[in-house]
Amino acid sequence: RVKANGWYSGEIHCHTVNSDGDSTTAEVVALAESLGLDFLAIMDHNNLTHQVDLARVETPLVLIPGYEVTTYYGHWNIWGDGPWVDFRVQRPEDMQQAIAFAREHGYLTSCNHPRPFGPDWAFPEVEGYDCIEIWNGPWELLNTACMEFWETRLKRGQKRVAVGGSDFHFGHQPHIAQLGRPTNVVYVPPDTAPTARAILDAMRAGHNFVTESPLGPHLTLQSGEAMMGDTIPRPAHGQLALAVDVQRGFGCEMQIIGAQGVLYSVAVDAEDVRFELDGPIGDSPYVRAQLTDAMSGTVRAATNPIYVAPAG
């Protein structure tokens, strides 16, 4: 169903009985439907048997194919419909070659949960993935390390799309990781049908933000006609005009963040509010928006950056 505002929410990292989860594919689909999600990507480890199950399921959800390439040296998602990607890597060169192979065959790739006990990304010299999972499961599970991993690369001038996933495994027993927590919200223009390809194209462009849950805060960032994920010329006067729209954000602090750290912050004193800012960005190659809980400092939503091209 095409939405007039172009925003679609979904889960892009979860598991079933086809790898190490306890729920069937049909049960995960039904749970995603009950949460009001628009799209779903089941990412079982190193196999595609869940895709056979998905082909038998009738659902209004947009189903995105893919799986989690699970190695002893880091996990990475591949979204798309391409050939088998070998997970049996032993050296950084093997991992680099596998990621390059996946991208050459049209997959959107993501470095998953790069944090201690994530498991971590053991080959930090390996690059080339499209996305970084900055938020995996509840925020308090060392996701600050995932965010730092992402920001380190942003400061180097690398464009890596921020995504989040619940890493849901268990629906039949109590577990801290719950489907849709966090949720990815992507923008597909209203004149475009929200197919799996269109949603992946939107993610590839960085036209998305991550929020704590399906009913979490809605947070968007613009500069003129440019939105998060886009690149704009560096303003000659050093002042960048930004517009931030917040929905369901009462009690948060809205922050604008660049390579130097927090450039601007303001309390969100209403559920729905628009901030229009015009401030200095220095030599930062990006700016992004973030909502944190005013009391605990927990991140509740984060956008992808707007990138600022080098001067000249």
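This is a predicted model: local features need pLDDT of at least 70, side-chain atom pairs count only at pLDDT 80 or more; totals for chains, interfaces and linings use all residues.
Residues are numbered from 1 along each chain as its sequence is written, and side-chain values use heavy atoms, with hydrogens and water left out.

The largest nonpolar core has 30 residues, of which W76, I78, V85, M95, W121 and I134 touch the most other members. Such a core is a set of buried Ala, Val, Leu, Ile, Met, Phe, Trp, Tyr and Cys residues joined through side-chain atoms within 4.5 Å; buried denotes under 20% relative accessible area, exposed over 50%, and partly exposed the range in between (1.4 Å probe, protein chains only). At least two residues of this core come from each of β4, β5, α3, β7 (131–136), α4 (143–155) and β19 (299–303). Here helices (H or I, at least four residues) and strands (E, at least two) are DSSP runs numbered from the N terminus. Apart from this core lies another, of 26 residues, including A226, M227, I232 and I306.

Beyond its neighbours within four places in sequence, V85 contacts (heavy atoms within 4.5 Å) Y67, V69, W76, I78, A98, F101, A102 and Y107.

Aromatic rings form a further set of relations. Rings of Phe, Tyr and Trp (its six-membered ring) pair if their centres lie within 6.5 Å; planes under 30 degrees apart count as stacked, over 60 as edge-to-face and the rest as tilted. The count by this rule is seven aromatic pairs. Y67 and W84 are stacked, because their ring centres are 5.4 Å apart and their planes lie at 15°. This pair joins distant parts of the chain, with Y67 in strand β4 (residues 66–71) and W84, 17 residues apart from it, in the loop between β5 (74–79) and α3 (92–104). Y67 is buried at 0% relative accessibility, whereas W84 is partly exposed at 41%. W121 and Y129 are edge-to-face, since their centres are 5.6 Å apart and their planes at 85°. W121 is buried at 4%, and Y129 is buried at 2%. Ring pairs also link W7, Y187 and F209 into a cluster.

Finally, A267 belongs to strand β16 (residues 261–267) and is exposed at 55%.
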